[in-house]
Structures are given as C-alpha cells and as structure tokens.
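User: I have a model to go through with you. Could we start with the strands and then move on to the metal site?

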Amino acid sequence: MEKIVILTGAGISAESGLGTFRDEGGLWAQHRIEDVATPEGFARNPALVHGFYNARRGQAAKAQPNAAHQALARLQKNWPGEVILVTQNVDGLHEAGGAEPVIHMHGTLAGALCGACGHRWASPPEMEVGEPCPACQQPTARPDVVWFGEMPYFMDEIYDHLIEATLFASIGTSGQVYPAAGFVQEARAVGAKTVELNLEPSAGGSIFDEVHLGPASEVVPRWVDTLLAGNGAR
Ligand SMILES: [Zn+2]
C-alpha cells in the first residue's frame, strides 16, 4: 500500500495571513528571535514572550485554512494508503481544514507546557507569567512550542514513518534546510519518490525527483487531484 509522508512549513499558512520570522513587517519584525523564541529569552523576560505568543495565538485563531490545507485533508481522507501529515507550523490550520491526525513537530499555539515537570494542557487564549501548572503547581507554564535551540518533537516517530514511505512531499518550506533536507534524504534512501511544492525554487537546485513551483493554494490542490485521479479515488 502506498504510504505518503508530507512535511509542511510556513509557506502553506502564509496565504492564510500568518507571517514567519523571515517576513518583513508583522509580529516578528517587532522582535528579535533571541528575545521571543528561545529558552534564554523566556528566562529573561517571560512577560514579553507570553505577550508575543498571545498575539500570535490571537492571529492564528482568526485565520482561515486555505485551499492547500483543505486539499491535504482531502488527500488524507481519500487516499487508499496512509497519509502522514507532519507540520512545522504551530497554527491549527491543518486541523481547521479537516486534517486528522497532524504531527506538530514544533508544537502548537493551542498547547501549554510546564517547564518544570513537562506536563501539557490546553492553553488559554492568553497565558500569563507565573501561571501554575495544573500537575505540579509550579509557576512555570510556557507555550508548548519548540524554540530555537530546542529539539523538535516526534522525530523518532517521523523517521519511523519515513522509512516506510513510498512518496515524500515537502510543501511550503525550503527543501535544502533541516529538517526537510534530512527527511528527503531518508525517503530517498528507502526508494521513495520525492516531491517539492514551494513558492520559489530552492537555491542551488532541488534534490527532489519532482518540483512544483507556485503559491500553495494553487499547486497543492492540483497535485492532490493528480494523485487521487491516478488512484481511481474520487
Ligand atoms: Zn508541572
């Protein structure tokens, strides 16, 4: 049975209005990465970090999934084999578009994490400094997102899926940069076909078998339709 593993990045949510740290303008432009997206930044100024993530959580709550999110949900529902959806995005737009399950390798704005005991729970819309952990009562609640310098989540699980993949696709993230670069190498090593869907070509050429360039909301539905048509699915 054909098993598809898909990695999505910021490019798929950009058309839903959610910017990234690489964009000019927007939330990220008002802050330095080391202040708002590192454990050291949080230790120095938790109020600033909570404020930043409260704003991002608010933005993400208002954002709508686009045609690319919806197409991947359709693929997951109608593909006769497994479709493993891995995202670097901390928004919930894949789920809002109907995808299930979604592996959030960089965590999610919807989650809170205890910095002391590792307990996880659903984040309130606004987190505050010193909020107690429901499990250990320490005032160490933080957003459940992976910061720069921290290990991404679920890496063993993702690599277990990759060694069974017959098709690997990277969407809206540079195929040349970790983790996508590592994922494509792993998939190639087991003989999977590799596909890149991105707005712009990767610098220095692509290591993928196939490349589709354009906005995610256009290239992803087209790619999904082709896959499903090839399998006789409706
Ligand atoms: Zn705790």
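User: How many bridges join strand 2 to strand 3?
Analyst: Two bridges join strand 2 to strand 3 (residues 103–104), and these strands run parallel. Strands here are DSSP runs of E of at least two residues and helices are runs of H or I of at least four, numbered from the N terminus; two strands pair if DSSP finds at least two bridges between them. The model is predicted: local features need pLDDT of at least 70, side-chain atom pairs count only at pLDDT 80 or more, and totals for chains, interfaces and linings use all residues. Residues are numbered from 1 along each chain as its sequence is written, and side-chain values use heavy atoms, with hydrogens and water left out.

User: Which residue is the bridge partner of Thr-87 in strand 3?
Analyst: The partner of Thr-87 is His-104.

User: And what about strand 1 and strand 2?
Analyst: Strand 1 (residues 4–8) runs parallel to strand 2, joined by five bridges. Ile-6 stands opposite Leu-85 in that pairing.

User: Which residues cover the faces of strand 2, buried or exposed?
Analyst: Val-83, Leu-85 and Thr-87 on one side and Ile-84 and Val-86 on the other are all buried, where buried means under 20% relative accessible area, exposed over 50% and partly exposed in between (1.4 Å probe, protein chains only).

User: Changing topic: what coordinates the zinc ion?
Analyst: The SG atoms of Cys-114, Cys-117, Cys-133 and Cys-136 coordinate the zinc ion at 2.3 to 2.4 Å. Donors are N, O and S atoms within 2.8 Å of the metal (3.2 Å for Na, K and Ca); water is not among the atoms, so sites may look incomplete.

User: Where in the chain do Cys-114 and Cys-133 sit?
Analyst: Cys-114 is in strand 4, whereas Cys-133 is in the loop between strand 5 and strand 6, 19 residues apart. Cys-114 counts as buried because its relative accessibility is 3%. Cys-133 is buried too, at 0%.

User: What is the spacing of the donor residues in sequence?
Analyst: The spacing is C-x2-C-x15-C-x2-C.

User: In what order do the strands of the open sheet come?
Analyst: The order is 5-4-6, with antiparallel pairing among the three strands. Strand 5 (120–122) and strand 6 (141–145) are the edge strands, each pairing on one side only.

User: How many bridges are there between strand 4 and strand 6?
Analyst: Strand 4 (residues 107–114) pairs with strand 6 over four bridges. In that pairing, Leu-113 stands opposite Arg-142.
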